[in-house]
Amino acid sequence: FDDALYIADARELFLPLVSPFCNEDIVHDWNYMLNELGILQYDTRIASIVTGIAIVTMMIALISGAWLLWQMARRPSKNQIL
């Protein structure tokens, strides 16, 4: 989600950039990369795609975790006394 925010800012360059190694002339990574690839004009579309991928990944992780917990709850413990 955080990457999508900076990707969407590639043309506007509104967000502050921070670098522990350089105090002057910090380059916006996404502006540079998308400009070099010739797709800077699609920054908001790319950010939307990255956000969609993040949402799908989060949902898969939550569903997988819930399924795993459900499987663990159904299986009797080996130490359980019957």
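Mentor: Start with contacts in the protein chain between residues at least 6 apart in sequence: 51% of them join residues at least 24 apart. Keep in mind that this is a predicted model.

Trainee: OK. How many helices and strands are there in the protein chain?

Mentor: The count is three helices and zero strands. Along the sequence the pattern reads α-α-α. The radius of gyration is 21 Å, well over the 12 Å that the globule rule gives for 82 residues, so the chain is more spread out than a compact globule.

Trainee: What box do the C-alpha atoms fill?

Mentor: Roughly 70 × 30 × 20 Å, taken along the principal axes.

Trainee: And how much of the chain is buried?

Mentor: Buried residues account for 13% of the 82 residues. The chain exposes about 7200 Å², and carbon and sulfur atoms supply 64% of that area.

Trainee: Switching to charges. How many positive and negative side chains does the protein chain have?

Mentor: There are 5 positive and 9 negative side chains. The centres of the two sets lie 30 Å apart.

Trainee: How many salt bridges does a search of the whole structure find?

Mentor: One. Side chains of opposite charge can pair when their charged atoms come close. Here the partners are Asp43 and Arg11, with their closest N and O atoms 2.7 Å apart.

Trainee: Which parts does that pair tie together?

Mentor: Asp43 lies in helix α3, residues 43-74, while Arg11 sits in the loop between α1 (2-8) and α2 (29-37), so the pair links parts that are 32 residues apart in sequence.

Trainee: Is Asp43 buried or exposed?

Mentor: Asp43 is buried, at a relative accessible area of 1%. Arg11 counts as partly exposed, with 43% relative accessibility.

Trainee: What about Asp9, where does that one lie?

Mentor: Asp9 is in the loop between α1 and α2. Asp9 is buried yet has no salt bridge. The nearest side chain of opposite charge is Arg11, and that is 9.5 Å away. A salt bridge needs the side-chain nitrogen within 4 Å of a carboxyl oxygen.

Trainee: So which residues does Asp9 touch?

Mentor: Leaving out residues up to four places away in sequence, Asp9 touches Phe14, Leu15, His28 and Asp43. Asp43 is also the residue that forms the salt bridge with Arg11.

Trainee: Next one along my list: where is Tyr42?

Mentor: Tyr42 belongs to the loop between α2 and α3. Tyr42 counts as partly exposed at 36% relative accessibility. Tyr42 and Arg11 are 31 residues apart along the chain, and their C-alpha atoms are separated by 9.3 Å.

Trainee: And Asp29? Which helix is it found in?

Mentor: Helix α2. Asp29 counts as exposed, at 52% relative accessibility.

Trainee: Last one. How far apart in space are Gly65 and Phe14?

Mentor: They are 37 Å apart, C-alpha to C-alpha, and 51 residues apart in sequence. Gly65 is in helix α3, and it counts as partly exposed at 31% relative accessibility. Phe14, at the other end of that distance, is one of the residues that Asp9 touches.

Trainee: What should I write down about the salt bridge?

Mentor: Note that the search finds one, that Asp43 and Arg11 form the pair, and that buried Asp9 has none.

How values were computed: Residues are numbered from 1 along each chain as its sequence is written. This is a predicted model: local features need pLDDT of at least 70, side-chain atom pairs count only at pLDDT 80 or more; totals for chains, interfaces and linings use all residues. Side-chain values use heavy atoms; hydrogens and water are left out. Helices (H or I, at least four residues) and strands (E, at least two) are DSSP runs, numbered from the N terminus. The radius of gyration is taken over C-alpha atoms; the globule rule is 2.2 Å times the number of residues to the power 0.38. Buried means under 20% relative accessible area, exposed over 50%, partly exposed in between (1.4 Å probe, protein chains only). Contact means heavy atoms within 4.5 Å. Accessible areas come from the Shrake-Rupley method with a 1.4 Å probe; for residues, only the protein chains shown count as cover. Lys and Arg count as positive and Asp and Glu as negative; His and the chain ends are not counted. The place of a charge is taken as NZ of Lys, CZ of Arg, CG of Asp or CD of Glu.
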